[in-house]
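Q: Hey, I've just opened this one and I'm new to it. Can we walk through it together?

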Amino acid sequence: MEKMRVVHFKKDCISCGACAAIAPEFWEMDAEGLSTLKSSKKVDDHFELEIDSEEARAANQEAADVCPVNIIHVKKKE
């Protein structure tokens, strides 16, 4: 599988917790109640995590699909 990246715009999180409920191996809620992409790095105005397995892609795509404010994206690594 080609390398992919998960992109998360944390500043727009509404604290619903759907991502953490769907994929707790990648997502958790922080002390302020906002979703956090575990092991990610801050890049400009968002956070990114490189992934390279189909399981990671599927889990994060499901988290993206349930996010009511569409702040999680799974993209091909450029």
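Q: Let me start with a spot I clicked on: where does Lys 10 lie?
A: Lys 10 sits in the loop between S1 and H1. Keep in mind that this is a predicted model.

Q: And is Lys 10 buried or exposed?
A: Buried: its relative accessibility is 18%, and the cut-off for buried is under 20%.

Q: What is Lys 10 in contact with, leaving aside its neighbours within four places in sequence?
A: Lys 10 is in contact with Asp 30, Leu 34, Ser 35, Thr 36 and Phe 47.

Q: OK, zooming out. How many helices and strands does the chain have?
A: There are 2 helices and 6 strands. Going from the N terminus, the order is β-α-β-β-β-β-α-β.

Q: How compact is the chain for 78 residues?
A: It is as compact as a globular protein of that length, because its radius of gyration is 11 Å, close to the 12 Å from the globule rule. Along the principal axes, the C-alpha trace spans about 35 × 25 × 20 Å.

Q: What share of the residues is buried?
A: Buried residues come to 40% of the 78 in the chain. As for the surface, the chain exposes about 4,600 Å², and carbon and sulfur atoms supply 49% of that.

Q: What about charges, how many positive and negative side chains are there?
A: The chain carries 11 positive and 16 negative side chains, with the centres of the two sets 4 Å apart.

Q: Now the inside. Which residues have the most contacts within the largest nonpolar core?
A: That core has 19 residues, and the ones with the most contacts inside it are Val 6, Phe 26, Trp 27, Leu 37, Leu 49, Ile 51 and Ile 72.

Q: Which elements give two or more residues to this core?
A: Strand S1 (4-8), helix H1 (18-22), strand S5 (46-51), helix H2 (54-66) and strand S6 (72-76) do. H2 gives the most, with 4 residues.

Q: You listed Trp 27. What does Trp 27 touch, not counting residues up to four places away in sequence?
A: Quite a list: Val 6, His 8, Cys 19, Ala 20, Ser 35, Thr 36, Leu 37, Lys 38, Asn 60, Ala 63 and Ile 72.

Q: Let's look at Lys 76 then. Where is its place?
A: Lys 76 is in strand S6. The C-alpha atoms of Lys 76 and Met 4 are separated by 4.4 Å, although the two residues are 72 residues apart along the chain. Beyond its neighbours within four places in sequence, Lys 76 is in contact with Glu 2, Lys 3, Met 4 and Arg 5.

Q: Is Lys 76 buried or exposed?
A: Exposed, because its relative accessibility is 52%, and the cut-off there is over 50%.

Q: Changing topic: what is phi of Ser 15?
A: It is near 65 degrees, a positive value in a residue other than glycine. Most residues other than glycine have a negative phi. Ser 15 is in the loop between S1 and H1, and it counts as partly exposed, at 33% relative accessibility.

Q: And what is phi of Ser 39?
A: Ser 39 has a positive phi too, near 65 degrees. Its place is in the loop between strand S3 (35-37) and strand S4 (41-43). With 71% relative accessibility, Ser 39 counts as exposed.

Key
Residues numbered from 1 in each chain as written. Predicted model: local features only at pLDDT ≥ 70, side-chain atom pairs only at ≥ 80, totals over all residues. Heavy atoms only, no water. Rg over C-alpha atoms; globule rule 2.2 N^0.38 Å. Buried < 20%, exposed > 50% of the residue type's maximum accessible area, 1.4 Å probe, protein only. Areas by Shrake-Rupley, 256 points an atom, 1.4 Å probe, with all protein chains shown as cover. Lys, Arg positive; Asp, Glu negative; His and termini not counted. Charge placed at Lys NZ, Arg CZ, Asp CG, Glu CD. Core = buried A, V, L, I, M, F, W, Y, C linked by side-chain atoms within 4.5 Å. Contact = heavy atoms within 4.5 Å.
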